[in-house]
Amino acid sequence: MLAHNLFLAWKSLRKNPVLSALMIGAIGLGIGVCMTTLTVYTLMSRNPIPQKSSVLYAVQLDSWDPNEAWSDEGRPPPQLTWRDVQALLKSDIPKRQAAMFASGFGVQLPDEKLPPFMAEARITTSEFFSMFDVPFEYGGGWAKEADSAPQQVAVLSKKTNDKVFGGADSIGRTIKLDKRDYRVVGVLADWHPTPKFYDLNNNDFGEPEGVFVPMGLVEALQLPSFGNTQGWKDEEINSYQDRLNSELVWLQYWAELPDAASRERYQAFIDQYVQEQKKLGRYPRQLNNRLSPVMEWLKVREVVTEDARVLLGLSFLFLAVCLLNIVGLLLAKFLGKSSEIALRRALGATRWQVMQKNLVEVALIGLLGGALGVLLAFGGLFGVKQLYEGYERLVQLNGPLLLVALGIALASSLVAGVYPAWRAARISPAGLLKTQ
Amino acid sequence: MNPIRHLASDSGPILRALTRSRAGPLLIALQCAITLAIVANAIFIIQDRLQKMSRPSGMDVDNTFVFFSLPIAADFDGKAVIAEDMRRIRALPGVVDASISTGTPLSGGGSSSSFAPRPEAKPEEYKNAAYYETDDHGLNAFGVTLVAGRNFLPAEVEMRDPLAERGMSSAIITKAFADKLFPPDGGAGAAVGKSVYGTNQKAIPIVGIVERAQTPWLTWGELEHSIFLSSYSPDFPRYVVRTEPGERERLIPEVEKLMAEISRDRIVERLKTQTEIEHKAYGEYRAMAVILTSVIVLIVCITGLGIVGLASFNVNARNKQIGTRRALGATKRDIVRYFLVESWLITTAGAVVGSGLSLGLSFWMVNTFDLPPLDWRYIPVGVGLLWVLGLAAVLVPARRASQLAPALATRSV
């Protein structure tokens, strides 16, 4: 029966090619536009570390200006001071934790005649790698001692290792960073957490850094921060040590808290820490420390751009227009076949059978439109990649999204088709036959 | 006959006909309403973005380029190298001027601080401004226009230690920031000779006013609240080079070569022309404008085709009536007019609903996002567009209807 109905539907589509093309085109465009914006939106709002996102918390302490909150909504600054980071690292409540900031090095290639190239670097503590499930190709992270005592060791990204060592197992070899020798202890496998949740200060969708070195080097080498630094207090800063002791915020902090109990204990710990600091004259604001799990953090930091949300909203309105359009055209088409339908009814077809046949035709239109929509979405996403810098890896159609596209196409065309199909099925057999 | 009277006399029967077959016209009207809401809001957002993109940054955009000189050796003598770099770049034929700065307009990186018009000011008297630490060549290298006072004197320029606080520098501020700090007498020159005060209460004398210099950040506070300071640190300096017109592309590799020649203990990084910097800064705006324009074109096509489709169907369905009217003496023009007026009535109904919908959509966007509310004037623009669309779309089917021979239409079904 279905096969027969499909055959009839196909014939019917062929009979009015212009009208059919118009309907398939309208669905296709609606789906194409929606899929394009939906893809950008879902990829922007996707979970960069699904297996652990609910136990990893961004830590915020409100060390800001007594006269003015960090944000209009009263949020604490998104980064911490060096002093506070040192204090937090001493806690043993989190299962794992890491402090970090962005920096950069001039990397010397083995051929010393070639000029060095600039690599972005992350200065962090040892548990960064295990906490974020960072995959290693060779070796691993550094020992915990390197977090406090200077050890010139480095972990390289796959890209950096490919560039400097031709992709070989470089564990134990020496790499020159800013003309200093570092021993390679680990090389990462491909790792692209998108969005780059652990540091959202510069490029939300950027690549992870090319070099990772331990925090213990900071004071010894006076490593500069390449990231965002903010301050509120008027302080004399005349040396690197002054900077470390200042109220400037420039470090990110993450803690892994596996259950509610440890989360509560940790919240109590940071609150108590701030209370103690208040006694020392710091932290002039009210207690306002926050622990945000990954997905909440992405929301707080507004990773999904406003434009992406505006476009998503508009594109669904666009789809609505396409559907209204199709309802009108289907209505015209089915009512135009009034005499054929009346004849079928007169020959014994039930209303349900007529409606079924019409719905199969509508579904066929939906499927064809959906397929066209997917093609258009590829085009749309290609356009988006041309328009936006740095979206290359972000913007890709994937399996689930394709299914969603076809699902929306089918569902929306059926919704659009129900009324016309029903109207057509109500045509009485007698009325039209009489006039023939 | 007077077209208005035509309209009035035609409307009655057309309206009655419309109410008899409700679904089709209703769908078209609804479609027009949503189309209007999308088009009015989209045009508004597009023009808002285009207007923002057209604001001049204040720099000589077409003839400047910018790069970092990042030290990679611990014993790098920043001060000496910068002095040598500047001397040699400025001596290159084709270079107008070169300077160092903590940032350039719209570059995304730089510094900001609070400044007050008097010492011991209350917290609310402090206004944020981006500051560019530069030297006496800074204004000329940027290509900004001095409108009052004077440029920095070489004696005022201080190269300070990287971590030390800003010294006793002088300031040159933008007209916009001067107007903000010293209202209401304004008149750019009025601020010259006064001082601004940082949170450390030190007075920074204002020696000049520039017409315009945007901040490094597109979406940060007031875009033209900038201030040039005559002290700079040799740490991670950004070099700004301004060339004679047409000489930029030739000079970029030449300057890069020169930098390597002077010292190999640093890396020249992120070399970009100011044109590229500003293009990139507005990337999302441009993308939004392009995407919304495509959306408008597509939706107008879809709605237009929908009207064509439905009108064609109506013409076919009403063959008989058309024939009868023609037989009873209606002219071809009467038939065309019938369909035009019908379409006009439908699109107008859609426009009425759509105007409300436009405002509703705008209200939602203003509340949900950081968008300005829709300027009401975009609604009549959209309505006009809708009318043209409705009439244009129905013209072909209406013409076809008018060509029907009266006899043919009545003879067969």
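In the predicted model, strand E7 (residues 171-174) of chain B runs antiparallel to strand E10(B), and the two are joined by three bridges. Within this pairing, Ala171(B) stands opposite Leu229(B) of E10(B). Strand E10(B) also pairs with strand E4 (residues 127-133) of chain B, in this case in the parallel sense and over four bridges, and Tyr132(B) is found opposite Phe228(B) of E10(B). In a regular strand, side chains alternate between the two faces of the sheet. In E10(B), which covers residues 226-229, Ser226(B) and Phe228(B) point one way, whereas Ile227(B) and Leu229(B) point the other way, and all of these residues are buried.

When neighbours within four places in sequence are left aside, Trp254(A) is in contact with Leu56(A), Tyr57(A), Ala58(A), Val59(A), Gln97(A), Ala98(A), Met131(A) and Tyr198(A).

Elsewhere in chain A, Phe117(A) lies in strand E3, which comprises residues 117-124. This residue counts as partly exposed because 16 other C-beta atoms lie within 10 Å, a number that falls between the limit of 12 or fewer for an exposed residue and that of 20 or more for a buried one. Phe117(A) and Gly106(A), although eleven residues apart in sequence, are separated in space by 5.4 Å from C-alpha to C-alpha.

Between the two chains, 45 residues of chain B are in contact with 43 residues of chain A. On the side of chain B that touches chain A, helix H2 (23-53), strand E13 (266-273) and helix H8 (283-317) of chain B each supply at least two residues, and H8(B) gives the most, with 17 residues. By residue class, this side of chain B divides into 30 nonpolar, ten polar and five charged residues.

Considered as a whole, chain B contains twelve helices and 13 strands, and 44% of its 413 residues count as buried. Of the contacts in chain B with a separation of 6 or more, 82% are accounted for by residues 24 or more positions apart.

With regard to confidence, the model scores ipTM 0.83 and pTM 0.85. Chain B averages a pLDDT of 86, and 91% of its residues score at least 70. Within this chain, confidence is highest in strand E12 (residues 238-243), at a mean of 96, and lowest in helix H1 (residues 3-20), at a mean of 64. Where pLDDT is low, the predicted coordinates should not be read in detail.

How values were computed
Residues numbered from 1 in each chain as written. Chains lettered and ligands numbered in written order. Predicted model: local features only at pLDDT ≥ 70, side-chain atom pairs only at ≥ 80, totals over all residues. Contact = placed C-beta atoms within 7 Å. Nonpolar A, V, L, I, M, F, W, Y, C, P; charged D, E, K, R; others polar. Pairing = 2+ DSSP bridges. pLDDT = per-residue confidence, 0-100.
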